[in-house]
Amino acid sequence: MRAWLLLLLCAPALAQDLNVGRSLAATCANCHGTHGRPRGQVMPPLAGMKADVMLESLADYRSGRQPGTVMPQIVKGYTEAQLRLVAAYFAAQAKP
């Protein structure tokens, strides 16, 4: 019973985090498609990607270990907390 009560009390905060994550992730749509589902094969889909895999890839872009055209600069514009929200949002999306 306590677990359900705790879940109900935390649900608004979790929903708010997902909404913030969705808003932040909207900037990815230009290249990676709406909700992380790109059109065509040029960009990899982000929908359904495990959050830890995405965060590792983003850290590689940020550090320069992974070269890229725009990703190294884009990722530097986000805080670690924001990147975690974006990764959680895409992880929660159904794979294309």
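Just after helix α3, Gly64 takes a positive phi of about 95 degrees. That is a handy place to start a tour of this predicted model.

**Helix α3**
- The 13 residues of α3 should span 18 Å at 1.5 Å a residue, and the 18 Å between its end C-alpha atoms agrees with that.
- Met54, Leu58 and Tyr61 are the buried residues of α3. They cover an arc of only 55 degrees around the axis, so they sit on the same side of α3.
- An α-helix has 3.6 residues a turn, so residues three or four places apart point the same way.
- Asp52 and Glu56 are exposed residues on the face of α3 turned away from its buried side.
- The cover over the buried residues of α3 includes α4 (71-75) and α5.

**The nonpolar core**
- The largest nonpolar core has 13 residues, and those with the most contacts inside it are Ala25, Met54, Leu58, Val75, Leu83, Val86 and Phe90.
- Two or more residues of this core come from each of α1 (2-25), α3 and α5. Helix α5 gives the most, with five residues.

**Salt bridges**
- Side chains of opposite charge can pair when their charged atoms come close. The structure holds two salt bridges.
- In one of them, the side chains of Arg62 and Glu80 meet at 2.3 Å, N to O. Arg62 lies in α3 (residues 51-63) and Glu80 in α5 (residues 80-91), so this pair ties together parts that are 18 residues apart in sequence.
- Both partners are partly exposed: Arg62 has a relative accessibility of 24%, and Glu80 has a relative accessible area of 43%.
- In the other, the side chains of Arg65 and Asp60 meet at 2.8 Å, N to O. Arg65 counts as exposed, because its relative accessibility is 59% and exposed means over 50%.

**A buried histidine**
- His32 has its place in helix α2 (residues 29-32).
- With a relative accessible area of 12%, His32 is buried, since the cut-off for buried is under 20%.
- Leaving aside neighbours within four places in sequence, His32 is in contact with Arg37, Pro38, Met43, Pro44 and Leu46.

Terms used:
Residues numbered from 1 in each chain as written. Predicted model: local features only at pLDDT ≥ 70, side-chain atom pairs only at ≥ 80, totals over all residues. Heavy atoms only, no water. Salt bridge = Lys/Arg side-chain N within 4 Å of Asp/Glu carboxyl O. Buried < 20%, exposed > 50% of the residue type's maximum accessible area, 1.4 Å probe, protein only. Helix = DSSP H or I, 4+ residues; strand = E, 2+ residues; numbered from the N terminus. Core = buried A, V, L, I, M, F, W, Y, C linked by side-chain atoms within 4.5 Å. Contact = heavy atoms within 4.5 Å. Expected span 1.5 Å × (residues − 1). Arc of directions from axis to C-beta.
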